[in-house]
Amino acid sequence: MTKKWTLALGAALGVAFTSGAQAADKVTLQLKWVTQAQFAGYYVAKAKSYYKDADLDVTINPGGPDVAPPQVIAGGGADVVIDWMPSALASREKGVPLVNIAQPFKKSGLEVTCRADTGIKKPDDLKGKTIGVWFSGNEYPFLSWMSKLGFKTDGSPGGVKMLKQGFNVDPLLQKQAECISTMTYNEYWQVIDGGFKPSQLVVFKYEDEGVATLEDGLYATEAKLKDPAFVARTAKFVKASMKGWDYARKNPDDAAKIVLAADTTGAQTEKHQKRMMGEIAKLLDTGNGKLDPKDYERTVTTLLTGGSDPVITKKPTGAWTHAVYDAMK
């Protein structure tokens, strides 16, 4: 072999080894809902190259009404999913071994919004009323709350009637229900945009009623978490994501614009996303996303107090881990 060919081969191998060493680790994230400021931290981390700087190639898959994150991850369609803890723990009890690896959201944004002209002023006034409720795992906090109030949810006398609510606010606007489910950062403002003034509404926040459960946590499966390489990769992902959330909290308008740029449907508006980001910022953990065991225990206690129909029937074990947080350090 000539010296010239030897040098060429060496250069080629050098390029191959270099590109291989620099190949970014792939991570697929499944969102709980469509592209919106609820997930701004992840879109910011991608747009600002926080993931790229951590040698990660992150794919963010939007959710929707027909997408159930536990089913997606169970089928191998994602490495990490975003879900509410009631849904995640219920799925775990049913055989999908989800584990909470980080908790970017500290507070709950869930609430029930009622028309003031119905005479509803306090929770007891909900008795005998029709209330719009989201299903597909989102009904669990509501069922826990009704159990605490002692209200049946089958429409029988002395209880409440649940109306399966679509992901809109039509039941309230069209007076099909006295109350509906809303999020502080989304549907409440849709009601306002629908012509209601705040004074015409009565709002019950789950946080205020003592039945708040954790929302928008990051979950992986037990099997994958047994792999040290996966834990290390996920630690880089969580760390970069929390950097994205920190930026979004401090720069809400810019974060909203980043979300809009990522929305391929064109369904979102700048006004709504800026407003949403402002409300989301109030719910975020200002630290590193480390799950507080006390918040977990509170959520579990709430879910277990479902009377004859609890969300979960026994206290979970192994449903959360700080292994990813420890690897971040």
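Tyr219 is buried, with a relative accessible area of 1%, where buried means under 20% relative accessible area, exposed means over 50% and partly exposed lies in between, with a 1.4 Å probe and protein chains only. The model is predicted, so local features need pLDDT of at least 70 and side-chain atom pairs count only at pLDDT 80 or more, while totals for chains, interfaces and linings use all residues. Residues are numbered from 1 along each chain as its sequence is written, and side-chain values use heavy atoms, with hydrogens and water left out.

**Tyr219 and its surroundings**

- Tyr219 belongs to strand β10 (residues 217-221); strands (E, at least two residues) and helices (H or I, at least four) are DSSP runs, numbered from the N terminus.
- The side chain of Tyr219 is joined to that of Asn100 by a polar contact of 3.4 Å, a term for a pair of N or O atoms within 3.5 Å in which, within protein, one must be able to donate a hydrogen and the other to accept it, and residues adjacent in sequence count only if both atoms are side-chain atoms.
- Between the C-alpha atoms of Tyr219 and Phe151, which are 68 residues apart along the chain, there is a separation of 32 Å.

**The five-stranded sheet**

- An open sheet with mixed pairing is formed by five strands in the order β2-β1-β3-β10-β4, and two strands pair if DSSP finds at least two bridges between them.
- The edges are held by β2 (56-61) and β4 (98-102), each of which has a single partner strand, so one side of each is left without a neighbour in the sheet.
- On average, neighbouring strands of this sheet are turned by 35° against each other, direction ignored; axes are lines fitted to C-alpha atoms, for helices over the stretch in contact, and angles run from 0 to 180 degrees between N-to-C directions.
- β4 and β10 are paired in the antiparallel sense over four bridges, and Val99 has Ala220 in β10 as its bridge partner.

**Helices across the sheet**

- Helix α2 (residues 40-47) lies across β1 (25-30), β2, β3 (80-83) and β10, and runs at about 140° to β2.
- Six of the eight residues of α2 are buried, namely Ala40, Gly41, Tyr42, Tyr43, Val44 and Ala45.
- Helix α10 lies across β1, β2, β3, β4 and β10, and runs at about 65° to β1.

**Nonpolar cores**

- The largest nonpolar core has 67 residues, and those with the most contacts inside it are Tyr42, Leu126, Trp145, Leu218, Phe237, Val238 and Trp245; such a core is a set of buried Ala, Val, Leu, Ile, Met, Phe, Trp, Tyr and Cys residues joined through side-chain atoms within 4.5 Å.
- Helix α10 (residues 228-250) gives the most to this core, with ten residues.
- Leaving aside residues up to four places away in sequence, Val238 touches Ile101, Ala102, Leu218, Asn288, Val324 and Met328, where contact means heavy atoms within 4.5 Å.

**A parallel strand pair**

- Strands β6 (residues 130-133) and β7 (residues 161-164) pair in the parallel sense over four bridges, with Thr130 opposite Lys161 in β7.

**Positive phi values**

- Asp55, in the loop between α3 (50-53) and β2, is not a glycine but has a positive phi of about 60°, and Asp55 is partly exposed, with a relative accessible area of 45%.
- Asp216, in the loop between β9 (201-205) and β10, has a positive phi near 50° and is buried, with a relative accessible area of 2%.
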